[in-house]
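The questions below ask what lies behind the labels attached to a model. Each answer sets a value beside the rule it has to meet.

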Amino acid sequence: MSRIEKAMEKAAQLRDGVAPPPEGHPQKRVFRAIPSQPPPIPPVAHKIRPDNPYLVNLNDPHSPTAEEYRKLKSVLVKMTKGEDFFKNTIMVTSAVPHEGKTLTALNLAISLAQEFDHTVLLVDADLRSPSVQRYLNIDSGRGLSDVLLDGTDIGDTIIATGIGKLSIIPAGHAVSNPVELFTSQKMKELIEEMKYRYPDRYLIFDTPPILLFAETRSLAHQMDGVLFVVKERLASHENIKEAVEALKGCELLGMVYNDAILDRHDERYSYYHKAT
Amino acid sequence: MQSSELDFKKYRQLLIRRKELFVTLALLIMTAVTIVSFALPKIYEAKSTVFIEKNVISELVKGLTVSPSMEDTIKVLTYAITSRTLLAKTADSVDMNLAPNNNTETEEELVKKLQKNIVVQVKDKNLFIISYKDRNPRLAQDVVNTLVRLYIEENTSSKRGESYDATKFLSEQISAFKTKLDKAQDEVNAYKRAKGTAISIDEGKLFQDINASQQKLIDLEMRRRQLEGMRQVTKTTSDPLRSKLSALQKQLHELQAQYTDSYPGVLTVKTEIESIKEQMKTSGGGQALDSNELAKVDSEIAAIKISEGGLRRNIASNQALLRNIPAAKAELDKLELERNNQKNIYDQLFARHGQSEVSKQMEVQDKSTTFRVVDPAVLPTAPISPNRLAIMLFGIAGGLAGSFCVLLFLEQMDASVKDANFVKEFGVPVLAVIPHILNPREAAMQHKRATRLFTVAGVYFLFLLCFPAMELLGLNYVDKMITYVSPANLVQDVKGHLR
């Protein structure tokens, strides 16, 4: 049986709800329990060609910005891939809206997916203002909210993007009570399932800003790591302080300082200009 | 150096980042200042130059006349011109207190306002520039001219009045002193009449007279004594015994001086004297005097005695006279001194009166210092304030500066994260610094937007520049427009139409 067949089978089992993820197991054990196998690649309906210029790792991979994302990626890989465990659920959030969470998540995901070692599933957990689809030019009705609310099979919501091994789960239909959804047992189960399904798959969650909405906080506690995006000249010092405090107890991996206006004459960056 | 360069970079960054706000704010400020410059009330200033000249005549008659001091006039001019009475009069005569929308202003306030706006400048000691500022150019002109006219009138009339008063006073004093002088003269005359002898006699002569009389008296006395002696002698020489006795007694005295009493010569003489005394006793002192001779002597003595009495009386009267002379003379001197004093004053008064008469005539004929209005106030055409050009230019500079200050302030107020180092203090590692992604399409759009903004701003700025330019060229279209659309005029128009 080829690996693909096995994967298909697994997917089928998943769809039928036969094989729930092993609950309550410590990660270490789980990691070992699941054999190393690539996740199923859902059939690519059509190869999407997002032309959004902000997706630098896709559209302008030689730019210094793309390089920065790559740097971020490698740091992150180092931080999450320990010797005996793999912190594969990563949440991207920020203190206030419009700090560039989605773009950070997307660029990071693309950068990871472009590597041969990783498959990446990007989950748009920002049910309030879903924007992953928009950046990727995807038009899909079903998504995370449908899975949580209507019991839609998660496999049906996964969209292969054709960008490396990157798949996404869109936010789905708009809901009025994301907090309830995210704090539900179902959400927990869903995350567990996704997390342990494939050992080398990164799960990146794009979430709403932490200061404004409660669901992010509950979600943060279920994550292996939190990436905190700070955009220059947006959130105040106080906001960030508050947000960092709100994330206490979670695995705060680090900050991504976004949208920095850099001095072009700064030597540190002139190198890239020469390089490109 | 390093930090200032850093600051400069920071400011440049700030400007670049918020260029739109900067431009908008700057233009807003400039517009506001321009509007204010037009909205500020226009203040007109009317000026009059007054020259205080000293007449030639006054130089000619210097010393003859007494003119009010020019220095004094100049000294008090500023105060005099801004005096309450004069200003009140001025306000009255230009009907300021009757002006519309002036009902609330009391005279006090009106005078204060005038005082505040009047400026008197002294130039070259006798050239005055009197200026007044008001919103109404015609009023400004009227006030200055009226003020100057009233001041000159008042000054002239007061000087005339002074001269009149001086002359009048002097003539009064002259008549008073004339009576006093006459009285003193009369007193002197009366005294002279009363004590004429005592005063007219020469003291030295009188003294000589007395001396001569005394000498004469002494002579007469001597003569009388002689005569009296002769009478005695006539009596004794007729007796030989007596003469012999006296000779013997004389001899005895001589001898006794040399010898003792027992000296024979002395004894002899003594006995001889005894014997003669015996003889004289026996003869019984026979009077054998010539009676004729005696009578003659006696009558002579009597005559002398009468003469002596006359002389003595003469001397006594003369001496009494002499004693009286100093007192009389002193009294006369006193009276004369008094008279002289009166006369002195009278003379001076009289001389002054003459001067004052001339002065009066000069004042009457306006021949002394005169105020000449060199330059009467003309209707001011251009307001002195507000200096719109300066205000507008200032507004342009202020707009830029103010806008920049607002940016700085906003930047200061902006508590947001401004650089990557800033977030390090949270103790969370900064995994990546993502530079600003330049989206060509968005950049192009922004550029287009900026271009549009700058174009609009540029055009608007040029439009704003038109106002200072108009001001510079002296075109007053805006003023005309303002007057045309001013609410008061509109109300008037409406009223006119209603009628």
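Helices (H or I, at least four residues) and strands (E, at least two) are DSSP runs, numbered from the N terminus. This is a predicted model, in which local features need pLDDT of at least 70 and side-chain atom pairs count only at pLDDT 80 or more, while totals for chains, interfaces and linings use all residues. Residues are numbered from 1 along each chain as its sequence is written, chains are lettered from A and ligands numbered from 1 in the order in which they are written, and side-chain values use heavy atoms, with hydrogens and water left out.

Q: Where does B:Asp479 lie, and why is B:Asp479 called buried?
A: B:Asp479 is in helix 16 (residues 477-485) of chain B. Buried means under 20% relative accessible area, exposed over 50%, and partly exposed in between (1.4 Å probe, protein chains only). B:Asp479 has 13%, so the residue counts as buried.

Q: Which residues does B:Asp479 touch?
A: Contact means heavy atoms within 4.5 Å. Leaving out residues up to four places away in sequence, B:Asp479 touches B:Phe38, B:Lys42 and B:Arg388. B:Phe38 is 441 residues away along the chain, yet the two C-alpha atoms are separated by 7.6 Å.

Q: Why is the pair A:Glu67 and A:Arg70 called a salt bridge?
A: The term requires a side-chain nitrogen of Lys or Arg within 4 Å of a carboxyl oxygen of Asp or Glu. For A:Glu67 and A:Arg70 the N to O distance is 2.9 Å. The two are 3 residues apart in helix 4 (residues 64-80) of chain A, and therefore separated by about one helical turn. A:Glu67, at 29% relative accessibility, is partly exposed, and A:Arg70, at 22%, is partly exposed too.

Q: What makes A:Arg142 and A:Asp156 a salt bridge, and which parts does the pair tie together?
A: Their closest N and O atoms are 3.8 Å apart. A:Arg142 lies in the loop between helix 6 (132-136) and helix 7 (144-150) of chain A and A:Asp156 in helix 8 (residues 154-157) of chain A, so the pair ties together parts 14 residues apart in sequence. With 40% relative accessible area, A:Arg142 is partly exposed; A:Asp156, with 38%, is partly exposed as well.

Q: Which residues are linked with B:Glu308 and B:Arg224 in a network of salt bridges?
A: The network consists of B:Glu221, B:Arg224, B:Glu228, B:Glu308 and B:Arg312. Within it, the side chains of B:Glu308 and B:Arg224 meet at 3.1 Å, N to O. This pair links distant parts of the chain, with B:Glu308 in helix 12 (residues 291-364) and B:Arg224 in helix 9 (residues 203-236) of chain B, 84 residues apart. Both B:Glu308 and B:Arg224 are buried. Over all chains, the structure holds 25 salt bridges.

Q: How do you know that strand 7 of chain A is largely enclosed?
A: Strand 7 (residues 252-260) has 9 of its 9 residues buried, so the rest of the structure largely encloses this strand.

Q: What makes strand 6 and strand 7 of chain A a pair?
A: Two strands pair if DSSP finds at least two bridges between them. Here 6 bridges join the strands, which run parallel.

Q: Which residues touch the most other members of the largest nonpolar core?
A: A nonpolar core is a set of buried Ala, Val, Leu, Ile, Met, Phe, Trp, Tyr and Cys residues joined through side-chain atoms within 4.5 Å. Among its 48 residues, A:Leu144, A:Phe182, A:Met194, A:Phe205, A:Phe228, A:Ile240 and A:Met255 touch the most other members. Apart from that core lies another, of 41 residues, including A:Leu76 and A:Phe86.

Q: Which residues of chain B does A:Met255 touch?
A: Not counting residues up to four places away in sequence, the contacts of A:Met255 include B:Val423, B:Phe426, B:Val428, B:Pro429, B:Val430, B:Leu431 and B:Ala432.

Q: Is A:Ser236 buried or exposed?
A: Its relative accessible area is 15%, so A:Ser236 is buried. A:Ser236 sits in the loop between strand 6 (225-231) and helix 12 (237-246) of chain A, and touches B:Ala415 and B:Ser416, not counting residues up to four places away in sequence.
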